[in-house]
Amino acid sequence: MTDATQYQEINDLLSKNQHYKEGFFTRTAVETFEKGLNETVVRAISAKKNEPEWMLDFRLKAFEHWKNMPEPHWAKAEYEPLDYQDYSYYSAPECNQCAVGEDEPSEQEIDPEVAKAFAALGVPLDGSGDSDVAVDAIFDSVSVSTTKREELSELGIIFCSFSEAVHDYPELVQQYLGSVVPYHDNYFAALNSAVASDGTFVYVPEGVRCPVDLSTYFRINEAKTGQFERTILIAEKGSYVSYLEGCSAPVRDTYQLHAAVVEVIVHERAEVKYSTVQNWYPGDEDCEGGILNFVTKRGVCEGAHAKLSWTQAETGSAITWKYPSCVLKGDHSIGEFYSVALTNRRQQADTGTKMIHIGKNTRSTIISKGLSAGHSDNTYRGLVRILPGADNARNFTQCDSMLIGNQCGAHTFPYIEVENPSAQMEHEATTSRIGEDQLFYCQQRGISEQDAISMIVNGFCKDVFSELPLEFAQEAEELLAVSLEGSVG
Amino acid sequence: MSPKMPPNARQLLEALEQQSQALNERDQDDAARAKLVARREAARECLNQTGWPTRKHENWHYTGLTPLFESPFALADTPDDDRDPAETAAVTEAMLADCLPPFATIRLVFVDGVYSDSLSAGLDAIDDSLSIEMADADAIQAFTLEDLKGYAGVQDGTRNAARPVAPSDQPNVDDVFVHINEMLLDQGLTIRLAPNAVLEQPLQILQVVTQDRKLVNLRTQFELGHHAQMTWLNQVVSLSDQPRSWVNRLQQVSLGEGAVARQLDWQDLNAQSLFTGLTFVDQAAHSQWQTHSLALGARWSRQQGYVCLNGEGADAEQNTLAWVRGQQLTDSRTETQHGAPHCTSRQLHKFVVQDQARGVFNGMIGVARAAQKTDGQMDNKNLLLSPKAKMDTKPQLEIYADDVACSHGCASGEIDADQIFYAQARGIQRDEAVRMITRAFLLEPLESIAQSAMRHWLHDLVSQRLAQLPALQYLAGCDQ
């Protein structure tokens with residue numbers, strides 16, 4: 001096997017990190033920018049993508065603003081201030097890159113190595129399979145392939161990479177870019193706005209129910225690069241879409257930066273289901289390497305009876321800083337947040353949600369399950385804000401934490417602000433661990449300790465997994481089992 | 001190099017610092033007070049560096065300091081000679097009637113921070129086991145912040161930095177009002193109860209404030225020997241609507257092994273006054289701490305309780321009852337640090353918020369690695385009675401031990417229309433129904449007071465107050 005010798009080094013590295021099977025590295029010709037960040041780099045990224053002037057202006061404005069912002073460190077995670085000059089802000093497989101900007105980017109031009117990588121990750125790029133999922137695959141800074149586009153376009157659904165959308169649907173992008181997460185929103189959103197690499201653009205027209213799940217798979221491959229995807233999802237009146245997101249990265253011994261921005265706009269009576277299975281490389285036992293996952297996700301329920309549902313299974317990343325939020329503007333709109341966050345080894349996760357009730361009779365539900373094992377820290381941080389106009393708003397929050405082992409930490413920091421007396425909000429949080437009697441019960445019936453833990457943990461997370469689309473639920477369950485391996489001695 | 005701040009904030013800070021300097025000048029030749037002089041100096045230094053916190057500080061996000069800066073404050077005047085302060089301020093026992101319980105107490109009355117012999121009573125019940133020291137240089141100097149053992153980090157951020165959280169021997173008391181208290185420390189009250197002594201009568205410490213635009217800076221220390229037991233009643237009241245006073249109180253409570261302490265904290269200042277209070281409690285093994293805070297008055301108040309469970313099997317119970325109305329802002333916060341195994345903590349905090357008032361609750365339960373088998377529970381329930389009322393709450397858990405049962409619950413809302421209907425269907429007027437339901441809601445924290453005389457007295461007091469609850473113009477769901 002030539003492959004074996006070729007990847008010997010990587011295999012060695014992998015054998016140390018067997019728990020992370022997505023940790024392989026794809027060797028292919030790439031074009032990567034020099035490390036460093038300055039206005040020239042921002043302009044170069046824009047030029048590379050052949051962007052119109054308004055997009056460049058947006059980037060430059062964001063970059064100007066970002067330069068004067070302090071790096072936030074309020075999250076319950078410890079990290080050294082990042083050296084933003086030590087990252088490369090653009091990286092793309094060369095072969096595919098030549099396709100960008102040409103009239104007809106065709107799928108034959110996908111770099112075979114890249115295709116192999118996605119195949120190994122179980123992401124079908126040929127679109128031929130009988131899967132019910134349309135996929136947009138993003139490799140470092142560019143989208144390499146988007147499947148099932150024709151099928152979708154018949155329904156009027158736009159599903160393409162963000163760069164393509166900038167060219168093909170400039171009015172839509174201009175209308176919505178920065179409308180939910182403005183460029184000055186926070187430090188990482190500003191950085192993202194300045195150096196946004198690629199991402200997915202979804203537009204579902206009025207009254208259309210998207211027949212397949214739309215999915216994006218993000219892969220960071222190059223060392224010392226940052227990925228800054230920008231995703232915009234628009235659901236017009238009365239439409240429905242389910243969107244899935246997955247991600248992974250090779251095993252590296254240095255921190256890699258992932259600062260994404262997701263904007264979701266839900267119009268009247270539309271429904272969006274946004275699911276994420278996040279499995280970025282979490283770093284090794286000694287806290288070396290891993291992805292810094294600093295993500296701003298926010299959705300607006302613009303119209304009445306709109307519904308936005310965030311479901312996330314967070315198992316990876318060295319540090320997670322992520323608060324998918326719902327701005328409930330429309331009357332009777334609904335926001336939901338279901339989350340399982342698992343941390344192991346030295347991972348630190350500070351994640352939660354924000355529910356901003358503006359419209360009347362708005363409802364929100366938050367179910368958060370945090371699991372910490374090893375030496376990790378897992379924090380739920382959530383905000384429920386009920387504004388004076390939100391008559392009869394309703395919120396229910398449940399945050400359960402489970403500690404596995406005695407070297408980890410589980411924290412709950414909810415913020416609840418009520419300015420309308422007719423609003424009703426409830427918040428509950430509990431902390432527990434796997435009971436010895438539960439384990440004993442399983443072991444007595446011939447179930448190994450490891451399987452028993454996996455069973456109990458899956459039971460603990462059931463409320464959330466049941467919200468995930470079927471394939472994802474399975475994947476999330478498996479991920480959980482793998483990530484927990486070795487956490488109980 | 002002091003930080004930027006608005007002119008009126010700077011004015012207040014400088015005025016306070018000048019007062020502190022004046023105290024130091026007075027005491028500089030007094031060798032017995034040398035330590036005190038140095039400590040005022042150190043606190044001033046700290047304050048100079050930090051300045052006032054802004055809303056950007058995590059702990060001050062919901063509580064703006066603006067009302068404090070509305071007018072300057074000077075330290076309250078003390079009578080020059082040995083005259084009784086009651087005489088100078090024209091306070092008579094009759095005026096205190098509302099504050100006096102129908103049962104016997106050892107009553108210590110202070111007028112604007114100065115002990116009044118004529119108003120105090122029941123002192124013959126003091127036996128050898130109880131020692132009360134006032135304004136004594138040695139006793140005041142013994143009030144060291146170093147005694148706040150186990151307390152790691154009052155201010156935002158500092159505690160987050162310390163990981164893993166474990167009770168440290170180094171105190172980290174970094175709160176602006178602690179610094180102010182330390183900087184102006186002059187009078188103090190030290191109460192010590194000998195080991196195994198049980199004080200039958202409650203100790204009543206009644207603080208009356210009468211002076212306008214004055215700051216009453218109080219420092220109290222309680223030290224209970226092992227297996228000692230006592231109950232005390234703290235009252236801070238203003239007798240009329242007139243004076244705009246500011247009371248800044250710092251209490252330190254140290255409980256020996258198996259000691260039992262129960263506190264009632266009654267804050268009833270007028271609608272112009274300000275109150276800042278911090279209580280630090282340090283608990284040894286199997287000791288019990290129970291506190292009920294009744295926050296009824298003040299334009300702007302912030303009370304904080306910090307409990308460190310440092311010995312195995314210690315038990316802490318903290319309750320708040322807050323009725324917030326008019327333009328009031330009432331901020332109540334607790335931090336409970338479980339530092340040893342098998343400790344229990346229970347909390348129930350209830351707020352009724354009406355008019356344009358704002359209520360703020362912040363609770364933190366911390367569990368250190370070593371504190372296995374911790375049982376911590378915190379509940380915060382809030383009733384909002386008007387469209388402009390606002391409640392901000394932040395119940396938090398920070399847990400580093402795996403074998404624990406910790407939970408917090410929190411709910412905000414208005415009175416259930418069904419409950420009002422139920423009462424109305426039985427011939428109870430709507431306003432009366434609202435009052436009844438509000439009373440039942442608000443009085444719940446008092447249920448755990450074991451001494452029935454005390455409980456009934458407080459019940460009646462709060463009920464009387466609530467009888468003044470105006471007819472509510474607004475209640476969604478039952479508009480008429």
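Analyst: We start with pLDDT, which is the predictor's confidence in each residue, on a scale from 0 to 100. This is a predicted model, and for chain A the mean pLDDT is 79, with 80% of its residues reaching 70 or more.

User: Where in chain A does the pLDDT stay under 50?

Analyst: One such stretch is residues 1-7 of chain A, for which the model has six contacts beyond four places in sequence. Another is residues 96-108 of chain A, where the pLDDT is below 50 and the model shows 16 contacts beyond near neighbours in sequence.

User: How should I read the area buried between chain B and chain A?

Analyst: The size of an interface is often given as the accessible area lost when the parts come together. Here that area is about 3,000 Å², and carbon and sulfur atoms give 45% of it. In terms of residues, 39 from chain B are in contact with 35 from chain A.

User: How many salt bridges are counted between chain B and chain A, and how many residue pairs are in polar contact?

Analyst: The count is one salt bridge, in which the side chains of Glu419(A) and Lys390(B) meet at 3.5 Å, N to O. Polar contacts across the interface involve 15 residue pairs, both residues being at pLDDT 80 or more. On the side of chain B that touches chain A, the elements giving two or more residues are β19 (390-399) and β20 (405-413), and β19(B) supplies the largest share, ten residues. By class, the residues of that side divide into 18 nonpolar, eleven polar and ten charged.

User: Which strand of chain A is joined to β20(B), and in which direction do the two run?

Analyst: The strand is β25 of chain A, residues 424-433, which is joined to β20(B) by seven bridges, and the two run antiparallel. To locate one of the pairings in the model, look at Thr431(A), whose bridge partner in β20(B) is Cys406(B).

How values were computed: Residues numbered from 1 in each chain as written. Chains lettered and ligands numbered in written order. Heavy atoms only, no water. Contact = heavy atoms within 4.5 Å. Buried area = accessible area lost by both parts, 1.4 Å probe. Salt bridge = Lys/Arg side-chain N within 4 Å of Asp/Glu carboxyl O. Polar contact = N/O pair within 3.5 Å; in protein donor to acceptor, adjacent residues only side chain to side chain. Helix = DSSP H or I, 4+ residues; strand = E, 2+ residues; numbered from the N terminus. Nonpolar A, V, L, I, M, F, W, Y, C, P; charged D, E, K, R; others polar. Pairing = 2+ DSSP bridges.
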